[in-house]
Amino acid sequence: MPKRVNPMAVKANDTYDVFEAARALKVSPATIRNWIKDDLEAMTASKPYLILGSAIREYIRAKKASARRPLKDDQLFCPSCRTGRKPNGMRVTLSAVSPKTDILKGVCEHCNGTATRMISHKQHKALAATFRISTEPDSKA
Ligand SMILES: [Zn+2]
């Protein structure tokens, strides 16, 4: 699944053949065919296959949702990498965002961007064994 496919690029009540869908979504026809092989509902009784816009939207949304995998215990979420990453040196800073929730911030070991993770107070103990948590702003030493 290409990462930035916009489900709103197709109209819910229109039908698309493979090429029209590919053009609208700025992906290759092969990608659309793969989606049909995968799970995208298409009218395959006759050729060209037709796909309802709403089915395309549903498929893209479902794929995006399943791509949001939970983070491993030793990861923060890096928005630049769009995935879970370990912080440099396992160092994170902690700040409160609400009475029950804190945010961990670290430096992505992969791209040096800021990676974050929302945690509940209940998770502190477990995460303190994994991360080197400080409540001070990073000194950049
Ligand atoms: Zn990163």
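Modeller: We can go from the domains to the metal site and then to the strands. Keep in mind that this is a predicted model.

Biologist: Which domains is the chain divided into?
Modeller: Domain 1 covers 7-67, and domain 2 covers 76-134. Their centres, taken over C-alpha atoms, are separated by 37 Å.

Biologist: Now the metal. Which residues coordinate the zinc ion?
Modeller: Cys78, Cys81, Cys108 and Cys111 do, each through its SG atom, at 2.2 to 2.3 Å. In sequence these donor residues follow the spacing C-x2-C-x26-C-x2-C.

Biologist: Where do Cys81 and Cys108 sit in the chain?
Modeller: Cys81 is in the loop between strand E3 (76-78) and strand E4 (83-85). Cys108 is in the loop between strand E6 (101-107) and strand E7 (114-120). The two are 27 residues apart, so the pair links distant parts of the chain.

Biologist: Is Cys81 buried or exposed?
Modeller: Cys81 has a relative accessible area of 14%, and buried means under 20%, so Cys81 is buried. Cys108 is also buried, at 0%.

Biologist: Why is the arrangement around the zinc ion tetrahedral?
Modeller: Because the four donor atoms subtend angles of 102 to 114 degrees, and the tetrahedral label needs all angles between 85 and 135 degrees.

Biologist: Different topic. How many bridges join E5 to E6?
Modeller: Four, and the two strands run antiparallel. One of the pairs is Ala96 with Asp102 in E6. A hairpin of four residues connects E5 to E6.

Biologist: And in which sense do E5 and E8 pair?
Modeller: Parallel, over three bridges, with E5 at residues 91-96 and E8 at residues 132-134. Thr93 has Ser134 as its bridge partner in E8.

Terms used. Residues numbered from 1 in each chain as written. Predicted model: local features only at pLDDT ≥ 70, side-chain atom pairs only at ≥ 80, totals over all residues. Heavy atoms only, no water. Domains from an automatic or database assignment. Donors = N, O, S within 2.8 Å, 3.2 Å for Na, K, Ca; no water. Tetrahedral: all angles 85-135°; square planar, octahedral: opposite > 155°, others 65-115°. Buried < 20%, exposed > 50% of the residue type's maximum accessible area, 1.4 Å probe, protein only. Pairing = 2+ DSSP bridges.
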